[in-house]
Amino acid sequence: MYEDKLATVQLLQQLTFSLADEEYGVDILAVREIRSWSRVTRIPQTPDYVLGVLNLRGAIVPVMDLRLRFGLTRESYGDDTVTIIVAIGERLFGIVVDAVSDVIDIDPAAVKPVPDMGAVVDTRYLKGLATHVERMVMLLDVEMLMRPEDVETLDAALPTIQEVEVAA
């Protein structure tokens, strides 16, 4: 009986990554690939957290620096810096993070709501908080990262891009 109940619990698989000494998780089903940091083509008149675009096997993918999106200070990119390519519906975009950690399983019952931090901390990008092996993981809501007006700006700018280096 106990084993049957255990089998019905759908664990949330999260790809964890670090950003400014904090740990975040993104739903593994949204992740398409993990790439080492590579230069992108800058798009004029986009928010400063949108670094530009890269050509990923024929798909033009906008890339944002998650530190800048969260209002944190920008750090220089190093050997551990990666771009996580995520999908929201049919749209791909990349998020630059300090380093990828691992894939973890989280019981949905262990996910706690994000506390209201007032105007000091913007928590709209988080789905919840979970504890995993005595560490707090903030679960990212990737759908909230790209605002509709950012998507419109990128869609308007993309046809003007002439040459974009192809990423392998």
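Modeller: Let's start with contacts (heavy atoms within 4.5 Å). Of those in the protein chain with a separation of 6 or more, 58% are between residues 24 or more positions apart.

Colleague: And what kind of model is this?

Modeller: The model is predicted, with local features needing pLDDT of at least 70 and side-chain atom pairs pLDDT 80 or more, while totals for chains, interfaces and linings use all residues. Residues are numbered from 1 along each chain as its sequence is written, and side-chain values use heavy atoms, with hydrogens and water left out.

Colleague: How many helices and strands does the protein chain have?

Modeller: There are three helices and 11 strands. Along the sequence you read α-β-β-β-β-β-α-β-β-β-β-β-α-β.

Colleague: Take D65, then. Where is it, and is it buried or exposed?

Modeller: D65 sits in strand β5, residues 59-65. Buried means under 20% relative accessible area, exposed over 50%, and partly exposed in between (1.4 Å probe, protein chains only). D65 has 1%, which is under the buried cut-off, so it is called buried. Across the protein chain, buried residues make up 41% of the 168.

Colleague: Which residues is D65 in contact with, leaving aside its neighbours within four places in sequence?

Modeller: Y49, L51, R74, Y77 and V96.

Colleague: What makes D65 and Y77 a polar contact?

Modeller: Their side chains are joined at 2.5 Å. A polar contact is a pair of N or O atoms within 3.5 Å; within protein, one must be able to donate a hydrogen and the other to accept it, and residues adjacent in sequence count only if both atoms are side-chain atoms.

Colleague: Why is the pair R74 and D65 called a salt bridge?

Modeller: That name needs a side-chain nitrogen of Lys or Arg within 4 Å of a carboxyl oxygen of Asp or Glu. The closest N and O atoms of R74 and D65 are 4.0 Å apart, so the pair counts. R74 itself is partly exposed, at 47%. By this rule the count comes to seven salt bridges.

Colleague: What about D98 and R67?

Modeller: They form a salt bridge too, with the closest N and O atoms 2.9 Å apart. This pair links distant parts of the chain: D98 is in the loop between β7 (91-97) and β8 (99-106), R67 is in helix α2 (residues 66-69), and they are 31 residues apart. D98 is partly exposed at 22%, whereas R67, at 9%, is buried.

Colleague: And how do you know that D102 and R135 form a salt bridge?

Modeller: Their side chains meet at 3.6 Å, N to O. D102 in strand β8 and R135 in strand β10 (residues 135-140) are 33 residues apart, and the pair links distant parts of the chain. Salt bridges that share partners join E23, D102 and R135 into one network.

Colleague: How do you find empty space inside?

Modeller: Rolling a probe the size of a water molecule over the atoms shows where empty space is left. On a 1 Å grid over the protein atoms alone, a cavity is a set of points where a 1.4 Å probe fits but cannot get out, and lining residues have an atom within 4 Å of a point. The search of the whole structure finds one cavity of 30 Å³ or more. The largest cavity has a volume of about 50 Å³, volume being the space filled by probe spheres set on the points, which are joined across faces, edges and corners.

Key
Helices (H or I, at least four residues) and strands (E, at least two) are DSSP runs, numbered from the N terminus. On a 1 Å grid over the protein atoms alone, a cavity is a set of points where a 1.4 Å probe fits but cannot get out, and a pocket is an open set with protein on both sides within 12 Å along at least five of seven lines; lining residues have an atom within 4 Å of a point.
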